[in-house]
Each structure stands twice: as C-alpha cells, then as structure tokens.
Amino acid sequence: MNTSKLIWGVVSLAIAALLAVLNLTLEPENLMFMVGERNMPWVPVSVLGVIGIILLATMGGGAADRAARTAPEEQAAVPVDPQKAALNKRLETIAWGLFLIMLGGFMFVPEQIISGGIWPIGVGLIMLGLNLARYFNGLKMSGFTTALGIISVVGGLLELIGWTRLEGGVLLVILGAYLLLKPWFDRRQVFGKAETS
C-alpha cells in the first residue's frame with residue numbers, strides 16, 4: 001500500500017469537505033474563486049474531491065503495479081489472437097467511417113436546424129456502439145472510449161435541455177464513478193486490449 005497516496009488522498013478530501021462546508025455557510029461574496037469574471041467557489045471543492053478519490057482508489061497497488069515491479073523476463077508475453085485483431089480493426093474502421101459520415105453530414109446542415117447537443121450525442125453513441133459491438137463479439141472493450149462516450153452523450157443531453165452550467169460537474173461525477181468502479185471492471189477483465197481477449 002502506498003502511504004503517501006493515502007495521506008494526500010485523505011488531506012485532499014478533508015480540504016474539499018472543509019471548502020464545501022464554507023461554501024454552504026458563508027455568503028457567496030465571502031468565499032471567492034474567480035474563473036474569468038464569474039465566482040465559482042465549487043470548482044476547488046470538485047477538483048480536490050476528485051483528486052482525493054483518485055489517490056485513494058490507486059493507493060492499493062493492484063495487479064498492474066505488481067506486474068511493473070517484476071523483472072521483464074518474468075513477465076509473460078500476452079498472446080495476440082490474429083482473428084480478434086482483424087475483427088477489432090474492422091469494427092474500428094466502421095466506427096471511424098460513421099464518424100466521418102456524421103461530420104460530413106453536419107457540414108451540409110445549417111446550425112439553425114440542428115441543436116447544439118446533437119453532435120456530442122452522435123459522437124458518444126458511435127463510441128458506445130463500437131464498444132457494444134466489441135462486447136457482443138467477445139472482445140474486450142476500451143475503458144477510455146467507453147468513458148468518453150458516456151461523457152459525450154450525457155453532455156449532449158444536458159446541452160439539449162439547456163443545462164450547460166452542469167457539464168463540468170457531470171464530467172467529474174462520471175470520471176469519479178469510473179475510478180470507483182475500475183477495480184470491479186479489472187476483476188472481470190471487461191476492459192483491455194481487444195486483440196488479447
């Protein structure tokens with residue numbers, strides 16, 4: 001266990017909790033954190049909270065840390081299945097094709113016809129669709145594109161209903177939830193390189 005991550009994670013969460021209490025008890029003009037010309041005192045609370053969660057979630061030193069500490073000759077090479085690699089490449093090519101078709105289509109349509117949130121929703125659905133196709137074909141999904149797809153869809157939906165001020169908070173909540181659920185995903189080996197499934 002990494003004690004420095006434990007200490008700094010607890011310190012970050014304690015400072016975030018203190019700032020949250022101050023935000024709730026003090027008048028808005030007494031606690032200032034300026035972003036541009038706007039007072040946004042909840043930004044440090046969110047950032048410190050996420051940093052604390054990340055530090056606490058990664059303090060244990062999982063299998064990846066143990067594998068990094070072993071000598072390179074002791075590490076077994078992960079076999080790559082050529083059929084799965086070819087299938088993954090084909091799925092990624094289809095996703096890129098869909099993305100480029102959507103991008104080209106948006107260039108033909110005036111901005112007044114399509115709402116602002118449609119673009120991120122489309123991009124997110126393509127990313128999530130790619131990972132869903134990987135899952136149903138027995139390939140490992142990409143945690144990065146899955147998280148980005150969820151963030152993109154949620155951000156687009158928030159933009160469609162006019163809640164654009166919440167996007168940063170929702171981003172932090174989704175990233176924090178992903179970090180909390182990462183050990184569960186790692187145990188089930190849901191995410192990883194598709195070629196090594």
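This is a predicted model: local features need pLDDT of at least 70, side-chain atom pairs count only at pLDDT 80 or more; totals for chains, interfaces and linings use all residues.

Trainee: What makes helix 4 roughly antiparallel to helix 5?
Mentor: Their axes cross at roughly 165° and come within 10 Å. Angles over 145 degrees count as roughly antiparallel, so helix 4 and helix 5 get that label.

Trainee: What is the largest nonpolar core made of?
Mentor: It has 8 residues: L87, L91, A95, M102, V123, I126, L130 and L139. Helix 4 (82-108) and helix 5 (118-136) each supply at least two of the core residues. The most comes from helix 4, with 4 residues.

Trainee: Why is that set called a nonpolar core?
Mentor: The term asks for buried residues of listed types, among them Ala, Val, Leu, Ile and Met, joined through side-chain atoms within 4.5 Å. The core's members, including L87, A95, M102, V123 and I126, are of those types.

Trainee: Now to the next pair. Why is helix 5 called roughly antiparallel to helix 6?
Mentor: The axes of helix 5 and helix 6 (residues 143-160) cross at roughly 150° and come within 7 Å. The cut-off is over 145 degrees, so helix 5 is roughly antiparallel to helix 6. The crossing of helix 5 and helix 6 is left-handed.

Trainee: Which residues of helix 5 and helix 6 meet?
Mentor: Among them are I118, P120, I121 and V123 in helix 5, and T145, T146, L148 and G149 in helix 6. By class, the contact of helix 5 with helix 6 has 12 nonpolar, 7 polar and 2 charged residues.

Trainee: How do you know that I151 counts as buried?
Mentor: I151, which lies in helix 6, has a relative accessibility of 19%. Buried means under 20%, so I151 counts as buried. In space I151 is 9.5 Å from L172, C-alpha to C-alpha, and the two are 21 residues apart in sequence.

Trainee: What share of the protein's residues count as buried?
Mentor: Of its 197 residues, 26% do.

Trainee: What about helix 1 and helix 2: what makes them roughly antiparallel to each other?
Mentor: Helix 1 (residues 3-25) and helix 2 (residues 42-57) pack at an angle of about 155°, with their axes 8 Å apart. Over 145 degrees is what the label needs, so helix 1 and helix 2 are roughly antiparallel. Their crossing is left-handed, and by class the contact of helix 1 with helix 2 has 17 nonpolar, 5 polar and 1 charged residues.

Trainee: How many helices and strands does the protein have, and what pattern does it follow along the sequence?
Mentor: There are 7 helices and 2 strands, and the pattern reads α-β-β-α-α-α-α-α-α.

Trainee: And what share of contacts join residues at least 24 apart?
Mentor: That is 66%, taken among contacts between residues at least 6 apart in sequence.

Note on methods:
Residues are numbered from 1 along each chain as its sequence is written. Side-chain values use heavy atoms; hydrogens and water are left out. Buried means under 20% relative accessible area, exposed over 50%, partly exposed in between (1.4 Å probe, protein chains only). Axes are lines fitted to C-alpha atoms, for helices over the stretch in contact, and angles run from 0 to 180 degrees between N-to-C directions. Angles under 35 degrees count as roughly parallel, over 145 as roughly antiparallel, 65 to 115 as roughly perpendicular and the rest as oblique. A crossing is left-handed if the near helix is turned anticlockwise from the far one by less than a right angle, and right-handed if clockwise. Contact means heavy atoms within 4.5 Å. Ala, Val, Leu, Ile, Met, Phe, Trp, Tyr, Cys and Pro count as nonpolar, Asp, Glu, Lys and Arg as charged, and the others, Gly among them, as polar.
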